[in-house]
Amino acid sequence: MLDTANVTASTRRGPVLRRPTTGALVRGVVITVLVLFALFALPQLISLYYVDTMTEVAIYAMVALGLGVLVGRVGLISLGQVAILALGAWVAARLLFATSQPFPLVLLEAGVITMALGTLIGLPALRLRGLYLALITLMLAGAFSIVLATTNFPNGGHGFLGYNGSLINIPAIRRPSIALTDPAYYRYSVVVAILMFLLVFAHVRTRPGRAWAAIRQSEPAALAAGINTTLYKLWALALASFVTGIAGGVYAGAAHYLYSIDFPAQDSIILLAVVLMGGAYSMWGAVVAALLLEFLPAWLNNLGVSNDWLTILFGVGVLQVLTTAPAGLADQVPKDLAKLGRLLTGLARRGQSPAGGNAVSEETQ
Amino acid sequence: MIEVNDLTVRFGGVTSLDGMTVSFDAGTCGLIGPNGAGKTTFFNVLSGFVRPASGTVRAFGDNLLSIVHFRRARWGVRRTFQTEQAIEQLSVFQNVALIHEHSGLSRASRRADVLDAISFVGLRCDPQASVATLSAGDRRLVEVARAVVGKPKLVLLDEPAAGLPDSETEHMGEVIRQIPEQTGALTILVDHDMSLVSACCSTTAVLDFGKLIASGPTAQVLRDEHVIRAYLGTAEV
Ligand SMILES: Nc1ncnc2c1ncn2[C@@H]1O[C@H](COP(=O)(O)OP(=O)(O)OP(=O)(O)O)[C@@H](O)[C@H]1O
Ligand SMILES: [Mg+2]
């Protein structure tokens with residue numbers, strides 16, 4: 001459409017667009033090794049206590065991933081994600097008691113139903129932003145936890161709610177037959193989490209991801225670029241709710257028994273804090289967030305340190321991260337490691353040739 | 001050709017556009033006026049971000065105001081923003097491709113169209129470079145590339161050279177002058193730099209306190225005593 005002379009310019013630039021980078025290759029190898037380690041080596045190396053903890057880490061990595069889409073990609077701050085998780089767990093538990101459908105199918109159904117309800121709950125997000133949206137989602141989550149406290153989670157009873165308070169032998173929520181033991185269920189959770197990460201990855205790397213980046217930066221600019229911002233915000237809400245709903249289903253199987261006190265509304269605030277600490281824009285950030293949220297307390301607990309300190313730690317941590325590393329730990333730690341690596345190779349070189357000393361101090365400045 | 005008739009925009013007690021009636025025919029047209037005159041507001045009406053209290057806008061025979069805001073890019077409205085809005089998280093290529101992707105244009109021609117637009121504005125960087133690494137001037141050029149990619153009918157440039165050094169302003173002027181002939185789009189340039197406006201625009205309209213106070217050939221408009229007085233701040237209200 002423009003200048004015909006430019007067409008030759010564009011063909012000349014062609015190869016630039018599909019350049020295989022060694023960085024991507026290294027990343028692929030690192031991810032594969034980590035996944036294999038998490039699936040096969042880790043459960044052999046740790047005690048059952050930590051196996052259960054790591055199952056929680058896999059579950060909350062999915063929750064953090066969903067929140068990361070909202071906060072990091074689109075710029076929608078939700079303080080109701082734990083309520084969405086509870087919703088997913090509720091739906092999955094109800095279906096697991098009521099039907100004999102295979103577990104993966106129930107997970108999928110829980111994801112889809114949570115997606116529909118979560119998107120509905122998120123509708124105010126289309127009009128509100130920032131603090132107002134945060135407040136509305138927090139209040140909805142609060143309301144939901146009150147509802148949950150009165151209806152209770154299904155425990156094998158009859159009726160729509162599936163709760164029976166007079167049951168003496170409460171049946172456990174079932175797990176898939178291939179993952180009955182805790183280590184097996186841990187592996188199952190990791191596989192589900194990996195699928196969710198791939199799903200989100202496929203989104204952020206394609207058309208919706210680019211549209212979200214535009215919306216996050218500036219809504220007028222996105223509209224001017226022809227982006228249906230309402231549609232793409234709904235899409236993000238739907239994706240986040242779906243992933244969180246699936247996480248809820250996995251949680252139901254992991255816990256065997258569900259109680260409303262396991263999903264306090266204030267946990268959503270702590271979740272936002274750890275997601276910001278981990279790095280809302282990065283998918284690794286979701287893993288870091290889940291480790292902070294689930295592994296750290298379990299570890300401290302094992303050492304005999306009170307968990308109350310964690311709330312303070314997260315408060316200070318989020319302040320620290322936002323002031324010194326706004327992109328979160330997942331972004332900062334590799335940079336710091338690279339710096340450390342340069343420092344170490346510099347030191348090694350200095351060890352070999354005394355004259356190299358000056359170069360080191362220049363490099364590490 | 002776009003015809004604006006009796007356009008009025010109010011924000012609470014402020015009347016930002018006051019019965020603006022003007023037409024922009026073809027080529028590059030200037031739109032000038034002192035700070036707060038309503039130039040950006042006019043662009044926001046054309047983009048659909050602001051709903052006018054009254055008035056009509058006909059663009060190439062279509063009732064522009066009846067089109068939903070995000071559909072206007074598909075229709076052919078393109079713009080840059082007074083505060084530059086290149087998307088940091090995306091590469092130069094993706095920034096430009098974004099608008100191509102969302103304005104219903106064929107996927108087959110996307111790569112060539114986007115690279116054409118990038119080379120048309122004279123960006124010499126790697127198209128895969130992240131926008132966050134570019135200089136202020138290059139980011140402005142990315143915005144202009146977004147405005148010309150595909151099949152624009154109406155290109156709105158809101159102070160595209162603000163804050164750029166003279167050499168880059170000159171380059172921007174050359175790019176702007178070529179937009180109508182290369183894309184066939186009607187281009188409206190808002191700027192406070194009168195030498196840029198004179199260099200790019202054959203005709204110019206002047207807004208003051210939301211009212212159109214002059215329009216016509218640029219040289220003549222710039223000599224108009226009402227215009228000179230508006231810029232000196234002594235125009236009678
Ligand atoms: N969204 C808004 N809400 C309230 N008032 C607004 C809004 N947008 C513009 N205004 C007011 O409308 C008037 C015109 O503003 P506008 O931004 O259109 O001026 P401008 O001609 O672009 O000025 P400048 O040269 O400084 O960019 C100003 O008084 C401004 O305060
Ligand atoms: Mg303005």
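This is a predicted model: local features need pLDDT of at least 70, side-chain atom pairs count only at pLDDT 80 or more; totals for chains, interfaces and linings use all residues.
## Helices α4 and α5 of chain A

Two packed helices are described by the angle between their axes and the distance between the axes. In chain A, helix α4 covers residues 81–98 and helix α5 covers residues 103–121. Their axes are 9 Å apart, and the packing angle is about 135 degrees.

Sorted by class, the contact of α4(A) with α5(A) holds 11 nonpolar residues, three polar and one charged.

## Helices α11 and α12 of chain A

Further along chain A, helix α11 (residues 267–278) packs with helix α12 (residues 283–303), their axes coming within 8 Å and crossing at roughly 130 degrees. The angle therefore makes α11(A) oblique to α12(A). The helix α11(A) passes α12(A) in a right-handed crossing.

From α11(A), the contact is made by A:Ile270, A:Leu271, A:Val274, A:Val275, A:Met277 and A:Gly278. From α12(A), A:Gly285, A:Val288, A:Ala289, A:Leu292 and A:Leu293 take part. The contact of α11(A) with α12(A) has nine nonpolar and two polar residues, and no charged ones.

## A loop residue: A:Ala265

A:Ala265 sits in the loop that runs between α10 (229–255) and α11 of chain A. Its C-alpha is 9.3 Å in space from that of A:Leu140, although 125 residues separate A:Ala265 and A:Leu140 in sequence.

Apart from its neighbours within four places in sequence, A:Ala265 is in contact with A:Leu138, A:Ala141, A:Gly142 and A:Ser145.

## Around ligand 1

There are 13 residues around ligand 1. Those that come nearest are B:Ser16, B:Lys39, B:Thr40, B:Thr41 and B:Gln82.

A backbone N or O atom of B:Ala37 is 3.2 Å from an oxygen atom of the ligand. For B:Gly38, a backbone N or O atom is 2.9 Å from an oxygen atom of ligand 1. B:Thr40 contributes a polar side-chain atom, which lies 2.7 Å from an oxygen atom of ligand 1.

Definitions and conventions. Residues are numbered from 1 along each chain as its sequence is written. Chains are lettered from A and ligands numbered from 1 in the order in which they are written. Side-chain values use heavy atoms; hydrogens and water are left out. Axes are lines fitted to C-alpha atoms, for helices over the stretch in contact, and angles run from 0 to 180 degrees between N-to-C directions. Helices (H or I, at least four residues) and strands (E, at least two) are DSSP runs, numbered from the N terminus. Angles under 35 degrees count as roughly parallel, over 145 as roughly antiparallel, 65 to 115 as roughly perpendicular and the rest as oblique. A crossing is left-handed if the near helix is turned anticlockwise from the far one by less than a right angle, and right-handed if clockwise. Contact means heavy atoms within 4.5 Å. Ala, Val, Leu, Ile, Met, Phe, Trp, Tyr, Cys and Pro count as nonpolar, Asp, Glu, Lys and Arg as charged, and the others, Gly among them, as polar. A residue is near a molecule or strand if one of its heavy atoms lies within 4 Å of it. A polar contact is a pair of N or O atoms within 3.5 Å; within protein, one must be able to donate a hydrogen and the other to accept it, and residues adjacent in sequence count only if both atoms are side-chain atoms.
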